[in-house]
Amino acid sequence: MRQPFNVHVFLYRVNEYGIQEYAMFQRADNPQIWQGVAGGVEDEESFEQVAMREASEEAGVVLTTPLYKLDTISFLPSHIFPEHFKWGSDVVVCPMIHFAAAYDGDITLSDEHLNVQWCTFDLAYTMMYWHDQKTALWELNQRLLRGNLER
């Protein structure tokens with residue numbers, strides 16, 4: 001089996017006051033975890049294909065805006081994934097690739113999430129459970145503030 005990978009997608013928008021907001025999703029299997037849309041690579045999918053599929057499956061979002069790959073690459077402990085036992089004892093961490101996409105439409109939650117909330121950066125950063133995802137959110141916020149998301 002090849003190395004497992006996970007993809008994480010931040011949906012962001014500008015609210016009516018001109019302030020950036022980020023969609024934060026509360027996980028159904030662990031309600032203390034708030035994050036963006038996330039999921040694993042299946043078969044021979046590209047990271048971009050996974051990001052698009054997960055946005056559709058978990059949020060009912062069909063992305064028609066550009067998908068931006070962030071520079072942040074992080075790792076999560078393999079034991080948090082239900083399928084980790086299939087990966088073998090050599091896989092201790094699962095790499096995560098982070099993306100961002102502008103979106104301001106409706107969100108339809110899958111059964112993987114209990115709630116979604118649009119948050120300012122400060123609130124989203126505080127709510128975010130995993131430190132590595134906080135780093136990716138910080139990168140996205142800085143790129144939006146600096147105008148260099150599209151590189």
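**Chatting through the model**

Biologist: Let's start with tryptophan 130: buried or exposed?

Modeller: Tryptophan 130 counts as buried, at 18% relative accessibility. Here buried means under 20% relative accessible area, exposed means over 50%, and partly exposed is in between (1.4 Å probe, protein chains only).

Biologist: Before we go on, what kind of model is this?

Modeller: It's a predicted model, where local features need pLDDT of at least 70 and side-chain atom pairs count only at pLDDT 80 or more, while totals for chains, interfaces and linings use all residues. Residues are numbered from 1 along each chain as its sequence is written, and side-chain values use heavy atoms, with hydrogens and water left out.

Biologist: Great. How many aromatic pairs are in the whole structure?

Modeller: Four aromatic pairs turn up. Rings of Phe, Tyr and Trp (its six-membered ring) pair if their centres lie within 6.5 Å; planes under 30 degrees apart count as stacked, over 60 as edge-to-face and the rest as tilted. Phenylalanine 81 is buried at 10% relative accessible area, and tryptophan 87 is buried at 12%.

Biologist: And what sort of pair do tyrosine 129 and tryptophan 130 make?

Modeller: An edge-to-face one, because their planes are at 85 degrees, with centres 5.0 Å apart. Tyrosine 129 is partly exposed, at 37% relative accessible area.

Biologist: Changing topic: which residues have the most contacts inside the largest nonpolar core?

Modeller: Val7, Val9, Leu11, Phe25, Val61 and Ile107, in a core of 19 residues. A nonpolar core is a set of buried Ala, Val, Leu, Ile, Met, Phe, Trp, Tyr and Cys residues joined through side-chain atoms within 4.5 Å.

Biologist: Which elements give two or more residues to this core?

Modeller: Strands S1 (6-14), S2 (20-27) and S6 (93-102), plus helix H1 (47-59). H1 gives the most, with four residues. Helices (H or I, at least four residues) and strands (E, at least two) are DSSP runs, numbered from the N terminus. Apart from this core lies another of 18 residues, among them Tyr68, Phe121, Ala124 and Leu144.

Biologist: Where is histidine 98?

Modeller: Histidine 98 is in strand S6, and it is buried, at 0% relative accessibility. Its side chain makes a polar contact of 3.5 Å with that of histidine 8. Such a contact is a pair of N or O atoms within 3.5 Å; within protein, one must be able to donate a hydrogen and the other to accept it, and residues adjacent in sequence count only if both atoms are side-chain atoms.

Biologist: Last one: how many salt bridges are there?

Modeller: Eight, where a salt bridge is a side-chain nitrogen of Lys or Arg within 4 Å of a carboxyl oxygen of Asp or Glu. Glutamate 42 and arginine 53 form one at 3.6 Å, N to O. That pair links distant parts of the chain, with glutamate 42 in the loop between strand S4 (37-40) and H1, and arginine 53 in helix H1, 11 residues apart.

Biologist: How far apart are the closest N and O atoms of arginine 53 and glutamate 45?

Modeller: The salt bridge from arginine 53 to glutamate 45 is at 2.7 Å, and the one to glutamate 54 is at 2.8 Å. Arginine 53 is buried, at 16% relative accessible area, whereas glutamate 42 is partly exposed at 42%. A network of salt bridges links Glu42, Glu45, Arg53, Glu54 and Glu57.
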